[in-house]
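I opened a new page for this chain.

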Amino acid sequence: MLTQAVRQHVAVIAASETFKQQISSEAELKAYGFYLTLPECLAPQFPGIDAQELEALAVYSYLYFRFIIALDKLIDQATVATTQQMLDCVALHEYAVRGLAHLFPINDAFWQRFKWCQERYASANLQEKEDARWRRELTREQFEELATGKSAICFAIVYALDELSRRTGQPGASLQPLLDCLAGIHVGSQYYDDIDDFTQDWQQGQYTYTHGLVQGFLRGQGIEEAGMPIETRQRFLFSSGIAIELMSLGQAHYAASLELASQCGLQQLLAYLQPQLSRYQELQAKLSGMISTARQQASLAEASC
């Protein structure tokens, strides 16, 4: 199993035992399981890849992804990060890159494509932090472009599978549907994450597209927002209909990714996407019902006055 393979590799990384236990825990592997199984999910589009190479790619790409998560957390808590945390992060990065280097020689075309993914990811993250710092109100197109850029590290898995497949003399199909599918999953998820993390992001100084929409709504209604508690802003997120609209947009991206996965015959990816989409649809229906009920009660209260 891939989880067992990850644990075996993590055990020999030159990092603290606490860190290694954390990144190889059952909860951790479950939370980020999509990224561990992604190479296997996409593999049907790349025939002929050796099973051992596929497993190695899954493990090393997952460890690199986990390094990105660890690095993001260090950046967010730069003032309190410890020396050990930084050393752990460096050790994980070194191990993941060494592993990928076994699969792809230094002159392999993969590395140039990987570099492009890294640059796009870094650019999107820097832009997001700059926008948050100045509290810029983004357009939907700008938001989705940033969300796509933040998912660019995932695109490297598609390029890696393509390079491995080419060596077998059986190059895979067009890459663009796979890239579009992955982008759609991440953009859709970002819509939902920004709703779920609305209060937490605000408290951590991460001003998001969703915060900007709420601020724009308050300004349009002539409501004074200076000093307004985040809990009140969150209520406006739902009562204004903004949350429902964002959920609809997130669902549309998920549905488009589902269709692309179906067209490519990626059954394992479909098995992941279908329950996710169903869960979002159920959540939106429940929220719509709650808002409708609240508005009806408010109308009745006004009529009785």
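I keep in mind that the model is predicted.

**Entry 1: helix α7**

I started with α7, residues 109-134. I counted 26 residues in α7. From first C-alpha to last, α7 reaches 38 Å, close to the 38 Å expected at 1.5 Å a residue.

Next I asked which residues of α7 are buried. I found F110, W111, F114, C117, Y121, A124, N125, D131 and A132.

**Entry 2: α7 against α8**

I noted first that two packed helices are described by the angle between their axes and the distance between the axes. I looked up both for α7 and α8, which spans residues 140-150. Their axes come within 7 Å and cross at roughly 135°. An angle over 145 degrees would count as roughly antiparallel, and 65 to 115 as roughly perpendicular. The two helices are therefore oblique to each other. I recorded their crossing as left-handed.

Which residues make the contact? From α7 I listed R120, Y121, A124, N125, Q127, E128 and D131. From α8 I listed E145, L146, T148, G149 and K150. I sorted the residues of this contact into 3 nonpolar, 4 polar and 5 charged. Y121, A124, N125 and D131 were also on my list of buried residues in α7.

**Entry 3: α8 against α10**

I turned to α10, residues 176-196. The axes of α8 and α10 come within 9 Å and cross at roughly 115°. This crossing is right-handed, whereas the one of α7 and α8 is left-handed.

On the α8 side I wrote down R140, F143, E144, A147, T148 and K150. They meet A183, V187, Q190, Y191 and D194 in α10. The residues of this contact divide into 5 nonpolar, 2 polar and 4 charged. T148 and K150 also take part in the contact with α7.

I found S151 in the loop between α8 and α9 (152-167). Is S151 buried or exposed? Its relative accessibility is 2%, so S151 counts as buried. Leaving aside neighbours within four places in sequence, I saw S151 in contact with A183 and H186. A183 also meets α8.

Last, I checked R135, in the loop between α7 and α8. Most residues other than glycine have a negative phi. The phi of R135 is near 50°, a positive value. I put R135 down as partly exposed, because its relative accessible area is 45%.

Note on methods. Residues numbered from 1 in each chain as written. Predicted model: local features only at pLDDT ≥ 70, side-chain atom pairs only at ≥ 80, totals over all residues. Heavy atoms only, no water. Axes fitted to C-alpha atoms, helices over the stretch in contact; angles between N-to-C directions. Helix = DSSP H or I, 4+ residues; strand = E, 2+ residues; numbered from the N terminus. Parallel < 35°, antiparallel > 145°, perpendicular 65-115°, else oblique. Left-handed = near helix turned anticlockwise from the far one by under 90°. Contact = heavy atoms within 4.5 Å. Nonpolar A, V, L, I, M, F, W, Y, C, P; charged D, E, K, R; others polar. Buried < 20%, exposed > 50% of the residue type's maximum accessible area, 1.4 Å probe, protein only. Expected span 1.5 Å × (residues − 1).
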